[in-house]
Amino acid sequence: MQKNTENYIDFKDFPKNYDYQTVEKKISQYWEDNKIYKFETSDKSRKIYSVDTPPPYVSSSHLHVGHVMSYSQAEFIIRYKRMKGFNVFYPMGFDDNGLPTERYVEKKYKINKSKITREDFIDLCLKETKEGIEIYKSLWKSAGISADYDLSYSTIDERCRKTSQKSFLDLYNKGLIERRNEPILWCPQCRTSLAQADVVLEELTGVLYDIEFKSMDGKSLIISTTRPELLGGCVAVYANPADDRYKFLEGRNVKTPLYNREVPVRFDESVDMGYGTGLMMVCTWGDVEDVKKWKEHKLNTAIVVDKAGRLNALSEKYNGLSVKDAKKAVVADLNELFLIKGEKSLMHNVGVHDRCSTPVEFILAEQWFIKILDSKDKFINAGNQMVWHPEFMKARYDEWINNLKWDWNISRQRFYGVPFPVWYCSECGEIITAVESKLPVDPVTDLPGTNKCPKCGGEKLKPETDVMDTWMTSSMTPLINSRWAYNDHDSKELLNMIYPMGLRPQAQEIIRTWLFYTVVKSIYHTENIPFKDIMISGWGLDKSGKKMSKSLGNFVAPEDIIKKYSADALRYWASKANLGQDLRFNEEDVIAGRKLLIKIWNATRFLITNVSAEFNPYEKNMTELNLSQIDKWVLTELENTINICENNMESYEYSFALRTATDFFYNIYCDNYLEIIKNVFWDEEEENADRKKTVLNVMYFISLNISKIFAPFMPFITEELYLTFYKNFEKGNSIHLSNWPELKKELIFSDSAKISAILLNILDASRKLRTNLNLHQNHKVNKILIKSLNADYIDIINEISGDIRSAVRSERLIFSDKADFQTADADIFISLEK
RNA sequence: GGGCGGAUAGCUCAGCUGGUUAGAGCAUCGGCUUUACAAGCCGGGGGUCACAGGUUCGAACCCUGUUCCGCCUACCA
């Protein structure tokens, strides 16, 4: 066998300590230089495994170990697939357009969008984005994330803008996008409209006020509300049609307090007779229920809250006050007039903007909507066609769709996002869209293909200045990656190759957004599901079980952990949570990972330093070797381990796989097999040479295969061992491109369990005896005495007496009734004689 | 309000479709150092499996109810 001189080191000088800091840097560079994780576009022989990698918000927060955890978990599977022979398409994306980035920039520079020009703001965002990407890239690389970084994209780059805009045009042409003027969810803090998915319910303590309205003839009518500040926008009072108390109000008006405005009384079954007095006020608009009644019953429109979250002139003396201040003022005034008849505090759910926690309001504005309410069935059906890991996460997807109440509003009144490819005619309002071949466009600086309105011939065209919801782009990731927006031959071919994608790994909190919207887009654009398998990871929690976040101060930086304990050790921690399960961060678990690395290093070093220059692991097949029972046992256990690990990896149960492999490695291989056979290497006699050779072959076979199983989890150390040692005997430039161990049925010896149990019971008992006798485990004894009450065992013990003597470090083995120490098998007794 | 996940040793967690005496790592205690590894090895102690019922020859596991933790979801103003 030809030695690879470049990587060859004298095996006897193999380093005693594993210097992970140096090795990980070196290996990382090696992968990059040799393009180990490159997706081979032209390779038609291998099956493709494509991954729709989550693009994290580059600027929203720094990554913590929880992020590394979820990326690693997906990566375990991806690396496994690569070793199973798939041509892996694994891009790295960076999500940097939209509100998360804008919020980050606003906070960092202490500005808001009204205090800076659009151009300067976008420049700042682009600058932060660029810096963020570099930081993220270097962290992902140091964590061993095996993406093909040549396939990277950023959601503000040209391809993503083009894809988002094409998506808009396609949906517009299909009639799935509409411009509508209707009440929309609005964040007064960010001064933009929102979609339902951007609003989360927060449980807040509020006060429920009983306020006195008056009937036209002066009767007192008590209405309970949590939002007295909206009184100026009250357009109706509602009661339940079955409520006898208020039948007399039918067809009449009532007077609102403070304003003395007349509003009609209406009836609707949705009003709960038991709540408060059974009377309810409806404003335009205080909540979803108000919007619903306003729509259904065509109520008057009396908008009182402006885009900044302040009351307007309609609220008379409260004009200009913020919603919060107005509430105080209104309550004070009502109190002065003795119009508050009661108040009690209550916990209620308030919709707040998920990026800034500001309570949302309703605003009337013209916006672009993607129609989704009509197609709920299609989306549910798509969910059923995908395989969910873990399965229970699918319920969240179904629940979200079933509860959707609004079409998807994709307009945002912001700066830093993908622009709409749209202009409007100032004369007649006609909508003019961009020509597809010109995409991406910015209507603020670019002109549409025409100078005149095609409808009225008007020459004044004004650009749409809103930008798209950030999810408008993120939802395109499978189609961004497969170059759906491009019509050239290569792009079309790529689309056919990698779409639908094989895997979507992601976090649980974005099922309602990223996952759902991606399904929407894929169904609408391609009538296909976007990916086949979905992997939902849990959260990284702090030591006490709280979700890790920068604001809580319980943030553990992955860089620090990697520096201190190595990336492999951090990934080991990440492997401990099953899919979908949250995982507490314990430094002890990382330390356990480092311990495993050191053990792997030393166990392999034991093999390496005993190998001679002529060593050739493939001189004979394993089955042609003169295997002892203990060799057969360890090989059988290895094959069983390979089998279990493979099954686990196939079903995304990476955690079980690594645990199984680790158990085998520690208990079977290191603590027993190596301990039993190691004295072969202490004996320099000629007659031992054959046995030594066999043992080395077994060790090589096991070490290599277990390293391959470890490789997806601990890619650095396994690669280092591969390049410095295994590569001298194997083909291929990386363990990560080598084949996953193939199950060899001929190495499963059916009776090895029974035979080895006898040996291990004897070894176990002898270890206990040695401890009792304060005898060193390796100290050679003169003889071991064995008594067996089971006659069947005698032959077996005779057959494996060599293994037994080797295991218990005894010169001789003698059957004797004097043996009095019972083993775990009640039929076998042993004694040791010095 | 509805739903999902979890509760097992001091800590972090395994425990598959029910089957001897419930496991691992860490921690703890005792012992062992020229022969891969002291960042090691060998051995020991430690559990009313959240609680209460039920099904069964047999329950950590299945069923019913309860408590606590986390999450998703929800128009009672």
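Two strands pair if DSSP finds at least two bridges between them. Helices (H or I, at least four residues) and strands (E, at least two) are DSSP runs, numbered from the N terminus. In this predicted model, the bridge partner of Phe821 in strand 29 is Ile830. Strand 28 and strand 29 (residues 828–833) pair in the antiparallel sense over two bridges.

These strands belong to an open sheet of four, in the order 27-26-29-28. The pairing there is mixed. Strand 27 (810–815) and strand 28 (821–822) are the edge strands; each has a single partner strand, so one side of each is left without a neighbour in the sheet.

## Conventions

Residues are numbered from 1 along each chain as its sequence is written, while chains are lettered from A and ligands numbered from 1 in the order in which they are written. The model is predicted: local features need pLDDT of at least 70, side-chain atom pairs count only at pLDDT 80 or more, and totals for chains, interfaces and linings use all residues; side-chain values use heavy atoms, with hydrogens and water left out.

## The 6-5-14-16 sheet

Another open sheet has four strands in the order 6-5-14-16, with antiparallel pairing. Its edges are strand 6 (192–194) and strand 16 (408–409); each has a single partner strand, so one side of each lacks a neighbour in the sheet. Strand 5 and strand 14 (residues 361–370) pair over 10 bridges, in the antiparallel sense. Leu185 stands opposite Phe362 in strand 14.

## Strands 9, 10 and 11

Strand 11 (residues 262–267) pairs with strand 9 (residues 234–239) in the parallel sense, over three bridges. Phe267 in strand 11 is the bridge partner of Ala239. Strand 10 (residues 253–255) also pairs with strand 11 over three bridges, in the antiparallel sense. Here Asn253 has Pro264 as its bridge partner. The hairpin of strand 10 and strand 11 has six residues between the strands. In that hairpin, Leu258 takes a positive phi near 70 degrees.

## Cavities

The structure holds five cavities of 30 Å³ or more. A cavity is a set of points, on a 1 Å grid over the protein atoms alone, where a 1.4 Å probe fits but cannot get out; lining residues have an atom within 4 Å of a point. Grid points are joined across faces, edges and corners, and a volume is the space filled by probe spheres set on the points.

The largest cavity has a volume of about 110 Å³. It is lined by 16 residues; closest to its centre are Leu99, Pro100, Arg412, Asp469 and Thr470. Helix 3 (99–108), strand 21 (467–468) and helix 10 (470–474) each give two or more residues to this lining. Helix 3 has the largest share, three residues. The lining divides into six nonpolar, three polar and seven charged residues. Ala, Val, Leu, Ile, Met, Phe, Trp, Tyr, Cys and Pro count as nonpolar, Asp, Glu, Lys and Arg as charged, and the others, Gly among them, as polar.

The second largest cavity has a volume of about 80 Å³. Its lining includes Leu185, Leu194, Phe369 and Asn409. Strand 5 (residues 177–187) gives the largest share, four residues. By class, this lining has seven nonpolar, two polar and two charged residues.

## RNA strand B

RNA strand B is surrounded by 53 residues (a residue is near if one of its heavy atoms lies within 4 Å). The closest are Asp272, Lys595, Ile598, Arg659 and His776. Helix 16 (587–610) is among the elements that each supply at least two residues of this surface. Helix 16 also has the largest share, 11 residues. The surface divides into 15 nonpolar, 16 polar and 22 charged residues.

Of the RNA atoms within 4 Å of the protein, 65% belong to sugar or phosphate and the rest to bases. An N or O atom in the side chain of Arg584 is 3.0 Å from a phosphate oxygen of RNA strand B. For the side chain of Asp287, an N or O atom is 3.4 Å from a sugar or linking oxygen. A backbone N or O atom of Asn602 lies 3.3 Å from a base nitrogen.

## Aromatic pairs

There are 41 aromatic pairs in the structure. Rings of Phe, Tyr and Trp (its six-membered ring) pair if their centres lie within 6.5 Å; planes under 30 degrees apart count as stacked, over 60 as edge-to-face and the rest as tilted. The rings of Tyr700 and Phe729 have centres 5.6 Å apart and planes at 90 degrees, so the pair is edge-to-face. This pair links distant parts of the chain, 29 residues apart. Tyr700 is in helix 19 (residues 689–710), and Phe729 is in the loop between helix 20 (715–724) and helix 21.

Methods. On a 1 Å grid over the protein atoms alone, a cavity is a set of points where a 1.4 Å probe fits but cannot get out, and a pocket is an open set with protein on both sides within 12 Å along at least five of seven lines; lining residues have an atom within 4 Å of a point. A polar contact is a pair of N or O atoms within 3.5 Å; within protein, one must be able to donate a hydrogen and the other to accept it, and residues adjacent in sequence count only if both atoms are side-chain atoms.
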